[in-house]
Amino acid sequence: MKRSTKKEKKTNLAELSNLQKKYMDEYKEQNKFFDSELLEITELDELERFQKRASKTLLVLKNRYEEIQAYAEVFAPKHSSPSKTQIEFKAAKPDSKAFYEQINQRKQEIKTKRDPAKILKRLNEHLHANTFDMQAYNEFLINPAVKNKIRFNPIFASRVEKLNKQVITGYANSIAALDQKLFLQISTDELFSPPWKPEECPSMAAFTDQNVNLTNYISSLVLNASSMEERTLIVDRWIWVAYSLYHEHKDLSGCQAILTGLSTTEVSRLKKTFDGLNPETEQVFAKLNETMFPHRATALGPVLSQQQAAIPSMALIRRDITFLEDGNRYLEKIKDPSERRLEMASRTSGGRKMMLTLNKLQTERTHFPIPNDTDAQLDTILIDMLNNGFFYDQDESHELSTQIEPLGNDLETAKPVNFGRVLKSSTSSNSSQPTIQRQMLEELIRDLNRYLIADVSRYLKDKKQSDVFVMDENYVIDWEKENSQLELLNREKEAHIETLEWLLKDEPKKSLVKEGNKLLQTLQDLDYKQLKMQNLEAKLFVNLYKLKIEFGTLSRLNPDPSNKQRLEDIETEVAKINELVETCELSPSLKTSLSAFNIEISTFRQLVNKAEEKQEEKENNEASIPDWRSNRSSQDHTSKNRYSLLFSQDNNAGKERESSVSELKDKKISSTEQRLQTMQKRYSLLYSQLHSQINRDTGKDKEVSVEPTFVAAHCP
C-alpha cells in the first residue's frame, strides 16, 4: 500500500512538471506574438480588435494557470525546495494589468504618430540635425489628418509651408554648391578637348556626369513613387528646386538637368500626375521650359541675358562644341591637340564666344556666395552618383511608366497639398545693372582697342609673328610661309568681327553700339598684308638711303681695289632690290627713288667704263714709244759726256718733281678730310629729309633704325 502511494506521488509530480513546461512554452510564445503584433499595428481600430482577441487568449491562459496551480497545491511536496520550472511557473502568471498598460502605451504611440503637430515637430528636429527622411516627409504630406489640419489651421499650414521651403532650398543649395565647384575646375584646354576622350578633360567629364546623373535621378524618383499623390508631390517639389537654381543660384546647368528629368518620355507621359499640379507650379514649369529650351537654343543664349554670372548648361555646351568641331575643315589638317584647341578657341567665332564667356563666368562665379545649409542626404547621394555613377535603364523605366498610367486609363487625378507659390525671386531684375552680354561687350571693345588697334605691331609680336615680310640676305621672301601666316591672322580677325557682331546684337545702349560699330569698321578695314607691305617698304627706304650715301661717297673718291669691290657689291644688292620690287605692290615713291638710283648707278658705270678705256689706251700708247735711257749703256763715252749735264739737270728736276708731288699729296689729303666733314653734315641732313619722306610715303610715324654713322674707313 505504501509502495503504491509513493509511485502515484512520483507520477503526479512528473505530470505536474510536464503541465508547467507546456504552459511556460505557450506563455512565452503568446507574449512574443503579442509584442510583434503590437509593433505592426498602426491604426486604432486595428489595435482595438487586437485587444479583444488578446483578452480572450489571456483569459484562457489565466484559467489554465490557476488549474495547474491548484494541482500543484495538492501534489507538490510542501517542505522540499522548489525546482527551476516551478520558480519560472510562479513568475509567469498572466497579468491583465500589464497587458492593458502595453495596449494603452501603443494606443498613445499611434495617436502621437497620427498627430500632425507632433509629426511636424519631429520632422523639423530631423531637418536641423541633418537626419531628414524624405520618405517620412512625403508620408506626412499624404496623411489625411495632416491635409485636413493644413486646410483648417492657418498657423499649422504656415509651419508646413516653411518646412517645405526649407527642404526645397536645401536641395537647391546642395546642387548649386557641387555644380559651382565642378564648373570652376574646368580649364580652356579641357573645354576644347574631344568629348569622347574623358581622360583629356576630367573636370569637364565630371561636370557632364553630374548633369546626366541628376537627370536620371529625378526621373527615377518620380517613377518609383508609391502612389500618384506622392509622384505629384515629387514633381511639384523638384520644379521649385529648378526655379530656385535658376533665379537664386543662377545654376542653369542644374536647372536644365531637373527639367530634362521631368521632360523625358517616360515621365512626361504621366498626364494624370502632372494634372495634379497647382496652377502656380504649372505656370513656373512652363516658363522655365520656355527659357531653358527655346527653339534652336544655344548654350550661351540664356547666360547672356542674366545680370549675374550663371553656371551654363554643360550638356548644351558639349553639344555646341561637338558641332563646332565637326564643321571646321581646318581641323582635319591639324593633328597636334594643342594646335587643334588653339584653332577652335582663336580662329572660329563659336570657339572664341565660348572661351570669352567661360572666362567671364568663371571669374565672376569665384565670388558668388552659396549658403551652407545643404541637405546632407542629397549631398551623399550626389557625391555617390558622381563617384560610382547612377544606373538608369530607359526601357525598363518606360515599361514601368506604362504600368503606372496605362494608355486610355481612367485614373483619378491626385489632389496633394497645395502650397501655391512656394518661392519668390529675391534677385529681381534691376534695370540699372548691365547684363552679362553688355559687360562682355564693353570688355571686348576695351581689350581690342588696347591690344590690337592701338599697336598692331605689338599684337603681331605677341602672336609670334613679324610685322613685316621677312627677307633673307638675297632679298627673297618665302611667300608660301607668309601667306599661310596671313591666313591665320585673317581668320582670327574674322572671329573677332563675328564675336563683336554677336555681342552688339539687340544691344539697347546707343553710345555703346556706336563705339562697337566704329571698332567693327576698323577691324574690317584692317589689312595685315598691307601693313606688312608698308613696313617692308619703310625698311627698303632705309636700305636704299644707306646704299645711296655709301655709293655717292665711294664714287667721288679716288678709286682703289677695296672701293671698287664695294661699289660692285652695292650694284648687286640694288639689283636684288629691283627683283623684289617687281614681285611686290609697293608705292610709286619707292619705285621712283629706286629708278633714280638705278640711273645714277648706270651713269656712273658708263663713266667708269669710258675712263678705264682711255686709261688703257694711254698705257698702250706709252708702251709703244722707246725709252732712250734704256740704251745708255750702248752709247760711247763721248755721247755720255755730251749728255752728262742733261743727266744732272734731269736728276735735279726729278727731285724737284718728287718734292712737288709730296706737297700736292699732303694738300689733297687735307682737302679730302674737309670734303669728308662736309659730306658728313650733308649726310645727316639727307637722313632727316629721308625720315620725313618715309613718313609721308608710308602714311604712319614709323621709327627708322638708328642713324648710320659715316665711316671714313671706306675712303682711301
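In this predicted model, helix H6 passes helix H11 in a right-handed crossing. H6 spans residues 134–142 and H11 spans residues 228–247; their axes come within 10 Å and cross at roughly 115°. That angle makes H6 roughly perpendicular to H11. On the H6 side the contact is made by Met134, Gln135, Tyr137, Asn138, Leu141 and Ile142, and on the H11 side by Glu229, Glu230, Leu233, Ile234 and Arg237. Sorted by class, the contact of H6 with H11 has six nonpolar, two polar and three charged residues.

H11 also packs against helix H12, residues 252–263, and here the axes come within 8 Å at a crossing angle of roughly 155°. H11 and H12 are therefore roughly antiparallel to each other. The handedness of the H11 and H12 crossing is left-handed. From H11, the residues Val235, Trp238, Ile239, Val241, Ala242, Leu245 and Tyr246 take part, and they meet Leu252, Gly254, Cys255, Ile258, Leu259 and Leu262 of H12. The contact of H11 with H12 has twelve nonpolar residues, one polar residue and no charged residues.

The loop between H11 and H12 contains Lys250. The phi of Lys250 is near 55°, a positive value in a residue other than glycine. Most residues other than glycine have a negative phi. Lys250 is buried, with a relative accessible area of 7%.

A further helix pair is formed by H22, residues 436–453, and H25, residues 510–525, which pack at an angle of about 40° with their axes 11 Å apart. This angle makes H22 oblique to H25, and H22 passes H25 in a left-handed crossing. In H22, the residues Arg438, Leu441, Glu442, Ile445, Leu448, Asn449, Leu452 and Ile453 meet Leu512, Glu515, Gly516, Leu519, Thr522 and Leu523 in H25. By class, the contact of H22 with H25 comprises eight nonpolar, three polar and three charged residues.

| Helix pair | Crossing angle | Axis separation |
|---|---|---|
| H6 and H11 | roughly 115° | within 10 Å |
| H11 and H12 | roughly 155° | within 8 Å |
| H22 and H25 | about 40° | 11 Å |

Another lysine in a loop is Lys464, which lies between helix H23 (456–462) and helix H24 (479–504). Lys464 has a positive phi of about 60° although it is not a glycine. Lys464 is exposed, with a relative accessible area of 78%, whereas Lys250 is buried at 7%.

For the protein as a whole, the secondary structure consists of 30 helices and zero strands. Of the 716 residues in the protein, buried residues make up 41%. The protein exposes about 41,800 Å², and carbon and sulfur atoms supply 51% of that area. Among contacts between residues at least 6 apart in sequence, 79% join residues at least 24 apart.

Notes:
Residues numbered from 1 in each chain as written. Predicted model: local features only at pLDDT ≥ 70, side-chain atom pairs only at ≥ 80, totals over all residues. Heavy atoms only, no water. Helix = DSSP H or I, 4+ residues; strand = E, 2+ residues; numbered from the N terminus. Buried < 20%, exposed > 50% of the residue type's maximum accessible area, 1.4 Å probe, protein only. Contact = heavy atoms within 4.5 Å. Areas by Shrake-Rupley, 256 points an atom, 1.4 Å probe, with all protein chains shown as cover. Axes fitted to C-alpha atoms, helices over the stretch in contact; angles between N-to-C directions. Parallel < 35°, antiparallel > 145°, perpendicular 65-115°, else oblique. Left-handed = near helix turned anticlockwise from the far one by under 90°. Nonpolar A, V, L, I, M, F, W, Y, C, P; charged D, E, K, R; others polar.
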